[in-house]
Amino acid sequence: LADEFLRDPENARARLMCVLGDTLIFCKNEIKPILEIKTGEEILSHKGYSKVKQVFKRKYKGEILEIKTWYGSAFKITPEHPIYAIRTGWKYTHLQMPEEILNRNPEWVPANQLKKGDIILERFPSFIKDTNEIDISQYIKRDYKEINGYLYPAHISMSKNNPAYLQIRKGVNPIPRRLPVSDNLLKFIGLYLAEGLTGHGVLGLTLGKHEKRLIKLSTELFKEIFKIEATVRDTRTATYIYIASTLATDVFKNMIGTGAALKKLPQWIMDLPPLKQKILLESYLDGDGWRSRRKKSASFASVSRNIAYQLHQVLLRNDIPNKIYRSERGNYKIEVREGLTRETYTVKFSSNGKTKTRNGFFYLPIRQIIPSTYEGDVFNLEIENSNSYTIACATIHNCDPPLSENPFFPIPDVILRSFDAK
C-alpha cells in the first residue's frame, strides 16, 4: 500500500476509505446510508455509542469484496478495511458453532485476509434503561391545557365564575399526561407500528374483519390507556378501531411517526429491558407477522427501514437470531428462526448452530466472499474514542491515521499526513 501511495497517492488514500455510499450505518435511534452521515451524529461502535468526528469521501477505482454471511445481510468493502472478526481456520458447516471458537478474542482483520467460515461480529445495543412512566406532553406540538393531570386541547373554554368547570365541546376528549409503561401500552405500540394510522384528529388501527381477538383487544387498550371509548367501524374488507383525540394523535405522530415508511421507535423503547421489548415484538407480530409453530419460526415485513433494523436489534437483545431481506420494491422482511409464544411472552432460544449472540455481538460465520471491480465514491468515518462503527452485518474499523498502530498497516507518517477530510 505504501508503494501505491508513491505511484498514485489519490487512489491509495481512497483505498483507506473502504465502504460504498449506500452502506447502512447504525446510528442512535436510526439507520441510514453512510453518505447521509453528518459530523456530530452518534453511531454504534464496538464499544457503544460514539460521536462522528469527521466524514471522509474519495474517488476509488479497484477491487471490492462482497461478503455474505449466514443469517446476515451481505455488504461490500474494500480489501484493506479491517473488520471485527474471529478467524477460525476451518470451513463453516451446519454443525454447532464450537464453544472453543466462540471463546476466542475477536481482532481487527483486513477484509482480504478473511476466509469462508471465519466469524464476523455485528454489534447491537446492549445498554438497558428501564422506564416506568412517560410524560406524553413532550410529544405534543400544539397548545394544550392541563387540569388535574389530564390534557385538554387549548381551544376549550372555562367558566369565568368557576375555572375548574370546563365548557367542553362534543368530541373533545382529554388524555392522561403521564402513561405507565405497562404491558398494555407496549402491546398498543406494537399494534400501532403494524397497523396504526393518524389523521384529522383521529388515532386508529386497521385490522382484518376476521381478527376478532385483536379487535376486542384494541378496544380494551384504547379504554385502558387513553380513558376513551373507541369507535369500531366495519368497511367492506377491514375493521377500523379509533378514538377522536387531537392530542393522542399528536403523541403517536411525533413519538412513533405516521405512515408505514416513516415510523420508528423512540430511544426510550430501544433501551427498555429485553423482556419488556418482547411484549412489543409479540404484539407487532400479531398485527403484521406470520408464525410457524411447527418449524419454530416467524417472519414479518415492513416498508420502514428504521423499524426493520430496530426490530432486528430488539430481537438480538432477546437472543433471537434473525435475518433481514430487502425486496426489489424496497420492502424489508425479517425472518426469525426461533418461536415466539404469545401466551407467556417468553422466548426459548436454542441455537441452530449458524449464529450466536454473545456480549452484545451477533456472531455471523462467512458463507461466501465475492471479489469484483468498482469505480466511484467511497466513504469512511472517524469516530471519537472507539475508532469503529457498525454497519448492517459487521463492525468495522476506521481506516484513518490510528491504523498506523495496526501491524496490518505499516503506513509511513508522511502518508498519514496526506489524509484529508470531506
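Which residue in β22 stands opposite Trp-290? In this predicted model, Trp-290 faces Ser-299 of β22, where helices (H or I, at least four residues) and strands (E, at least two) are DSSP runs numbered from the N terminus. Residues are numbered from 1 along each chain as its sequence is written. Because the model is predicted, local features need pLDDT of at least 70 and side-chain atom pairs count only at pLDDT 80 or more, while totals for chains, interfaces and linings use all residues; side-chain values use heavy atoms, with hydrogens and water left out.

Strand β21, residues 289-292, pairs with β22 in the antiparallel sense over four bridges, two strands being taken as paired if DSSP finds at least two bridges between them. Strand β22 spans residues 297-302 and is mostly covered, with five of its six residues buried; here buried denotes under 20% relative accessible area, exposed over 50%, and partly exposed the range in between (1.4 Å probe, protein chains only).

Between β11 and strand β12, which covers residues 150-153, the antiparallel pairing extends over four bridges, and Tyr-150 in β12 is the bridge partner of Ile-147.

The buried residues of α6 are Leu-247, Ala-248, Thr-249, Asp-250, Val-251, Phe-252 and Met-255. Gly-257, which follows α6, has a positive phi near 110°.

With regard to charged side chains, the structure holds 16 salt bridges, each defined as a side-chain nitrogen of Lys or Arg within 4 Å of a carboxyl oxygen of Asp or Glu. In one of these, the side chains of Glu-42 and Lys-28 meet with an N to O distance of 4.0 Å. This pair links distant parts of the chain, 14 residues apart, with Glu-42 in strand β4 (residues 42-45) and Lys-28 in the loop between β2 (24-27) and β3 (30-33). Glu-42 counts as partly exposed at 32% relative accessibility, and Lys-28 counts as partly exposed at 36%.

The side chains of Arg-213 and Asp-286 also meet in a salt bridge, at 3.2 Å from N to O. Here the pair links distant parts of the chain, 73 residues apart, with Arg-213 in helix α5 (residues 212-226) and Asp-286 in helix α8 (residues 274-288). Arg-213 is partly exposed, with a relative accessible area of 41%, whereas Asp-286 counts as buried at 16% relative accessibility.

A further salt bridge is formed by Lys-223 and Glu-229, whose closest N and O atoms are 3.5 Å apart. Lys-223 is partly exposed, with a relative accessible area of 39%, whereas Glu-229 is exposed at 58%.
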